[in-house]
Every structure is written in structure tokens, then in C-alpha cells.
Amino acid sequence: MTERLTSDPEGIARAAAFLSAGRCVGFPTETVYGLGADATSDRAVAAIFEAKDRPRFNPLIVHLPDPGAVAALCDMPEAAERLAAAFWPGALTLVLPLRSGAGISPLVTAGLETLAVRVPDHAVARELLRAVGRPVAAPSANPSGRLSPTTAAHVLAGLDGRIAAVLDGGPCGVGVESTIVGFDPGPVLLRPGGLPREALEACLGGTLGEVMPGRRPVAPGQLVSHYAPRGALRMEATVAREGEVLVGFGAVAGAVSLSAAGDLVEAAAALFPVLHRLDAAGVERIAVAPIPETGLGLAINDRLRRAAAPRG
Ligand code: TXA
Ligand code: MG
């Protein structure tokens, strides 16, 4: 049985006690719900991979309550310092050189010499992380390859009985995962996400590099089929074909809309909840209206492309 905890001081204390004891707990962040475990414990981290049925070569993001806690674990290139100062806490993950003796389980990094770190902008998450007092590794709290969860109910729909508890902090405000930036040695975009690329480039005063395919180990959902609903998904649709449910955006109305106003922030927050609802209703063919490739549209289109990709 998975306990459903309310995000009051007792619930947070109980969630922290589970994490300290090496158990896995779902918890809210501003992007999506994470499935946390003690990042210093091999056994605890192994339990995350087990619960999600996640391939072991796919490394995890470590969550910290405050930017100051990062220095103990990683070196910070100058550009990373600048991004951290501007955007943490927030929907930004930095992939940084791991310090030797940081005490992070090698299962977290899948043996890489870098560590992905993030300071979430969510009061419940930060209280929980402070209470645990150790770095917490957390992928999104969904079975591997499936839709990411943006409510405690989504977490339970995928992982009930496989994890100790879920801490209910209500729906996630941003709705898509963090933007991931690595350093090569200059900053490169590894995954578009909840922090728009334009904001990062304005902060850095230049364009972000791109990942060269094949040059680095499998990173962010670079497993092609990912974030997938049960039904088949078609993009760039303006009308529903036979048997399809059309998800609209802006002028394309659809049976349900990500944002009738054509607002990408609203659409990002609606993306996973709408797909979860269609999944739960047993919809077999989903069509989605064109989404502009700017701002949060980059992250939305990235998730849709992976949801539309042939299943492996
Ligand atoms: O918003 C988010 O980022 C959410 C919340 C819970 O924080 N977490 C999340 O985790 O999306 P996950 O595991 O679903 O995606 C993390 C991605 C993985 O696809 C992994 O490949 C990449 O981060 N990653 C982790 N460590 C890495 C590293 N050292 N180098 C390159 N990529 C890394
Ligand atoms: Mg994920």
C-alpha cells in the first residue's frame, strides 16, 4: 500500500522519515511530481529504478533545497554560476562536473563524471529536502516511458503499491519537466523544458549550443519513445480524422484545448493532465493542433514528438 500524505508539517515529516529510511516517496515540484530517494544510498536509488522499471543507463537529477548546497557536490563553471543565480530555485537542471568524494551513489549518475542538479521552486519540496538533509535523487514519478505526473492522483495511477508514499501538494504549476543545460565546456541545451530557451540565452548574452547526436551518453528522454500516452498520437493536426480525439490550441478548437487563448504557459500546464485524462478514458487515437516552436512551445513539441514516436 502506498500512503497518500497531505503536505502539512506531519505529512512532510513522515515523507522525510521514509526517505531517510531508504524508501521511495513521490513529491510535488513546480514542474512535475518527482519520485525521490536518498541519493547517497545505493539501495535507495536502486529502488527508484525498480519502481519505475527504468533503464539503468538513464541517470537521475539530484534535488537540493538551496543553491548553496550544490558547491559540496559539483564544480560550477562561470556560466553555471550565472544561470544558477538567475534561475534557482526554478525549472532549470544543470549538469555539472561531479566532485570526488561527494558521496553520491554511482547509480545516480549511471557512472558518468557529471551530476545533474536542481533546486525546485516549490515550498513543499524545499521543506521536504531540508527535513531530509541529504541530496535526494528524483526522476519524474511515472513508470518509465509513460506520461509524467502533475498530480498525486497521476502518481498513484502509475505507481500505487510500488512506492512508500506520495506527498500531495496539488497540481504542478509549470507542468513540463525542467530545462536541462550541460557544459561542453560552453553551455548546451540537453533538454528543452519549463524554463524557456530565450530566458537562458538572454541571461548568458549568447546562443546555447546544441547537443551533437551520438556524442554523449543517452540523456534526457533521448530515448526516442517517451512521455507516451497509451493511445497513438499525431501532431500538427487541424481536423480530427476518423476515430481521433483532437486536442486544440489557439484557433484550432478541438474536443478539448490546451489553451483556447493560444497561451503557451497555460498549454504547458495542461499538456500532461489532458493526455492523462484521454488515457484514462481509453482514447486510442489522439491528434494535437500545431504548437509554435517558441518559448515553452519547444518543451511541449519535444514531449509530443516523443509521445508520437514509434514505440520500442
Ligand atoms: O523537472 C524535472 O526535471 C523533474 C522533476 C522531478 O525534478 N525530473 C525529471 O527527471 O524530469 P527525469 O529522470 O524524468 O529526467 C531527467 C533527465 C534524464 O532523462 C537523464 O537522461 C538526464 O536528466 N540526466 C541526468 N543526469 C545526467 C547527466 N549526468 N548527464 C546528462 N543527462 C543527465
Ligand atoms: Mg521522466
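## Guided tour of the chain

Start with the charges: select the 28 positive and 31 negative side chains of the chain. The centres of these two sets lie 5 Å apart. Keep in mind that this is a predicted model.

**Whole chain.** Switch to the C-alpha trace. Along its principal axes it spans about 55 × 50 × 35 Å.

**Surface and interior.** Now colour by burial, counting a residue as buried under 20% relative accessible area. Buried residues account for 55% of the 312 in the chain.

**Contacts.** Take the contacts between residues at least 6 apart in sequence: 69% of them join residues at least 24 apart.

**Secondary structure.** Go to the cartoon view. Nine helices and 15 strands make up the secondary structure of the chain.

**One sheet.** Select β12, β13, β14 and β15. These four strands form an open sheet with parallel pairing. Read across, the order is β12-β15-β13-β14. Which strands sit at the edges? They are β12 (232-234) and β14 (256-257), each pairing on one side only.

**Inside the sheet.** Zoom in on β13, residues 245-248, and β15, residues 285-288. Three bridges link this pair, in the parallel sense. Finish by selecting L246. Its bridge partner in β15 is A287.

Notes:
Residues are numbered from 1 along each chain as its sequence is written. Chains are lettered from A and ligands numbered from 1 in the order in which they are written. This is a predicted model: local features need pLDDT of at least 70, side-chain atom pairs count only at pLDDT 80 or more; totals for chains, interfaces and linings use all residues. Side-chain values use heavy atoms; hydrogens and water are left out. Helices (H or I, at least four residues) and strands (E, at least two) are DSSP runs, numbered from the N terminus. Buried means under 20% relative accessible area, exposed over 50%, partly exposed in between (1.4 Å probe, protein chains only). Contact means heavy atoms within 4.5 Å. Lys and Arg count as positive and Asp and Glu as negative; His and the chain ends are not counted. The place of a charge is taken as NZ of Lys, CZ of Arg, CG of Asp or CD of Glu. Two strands pair if DSSP finds at least two bridges between them.
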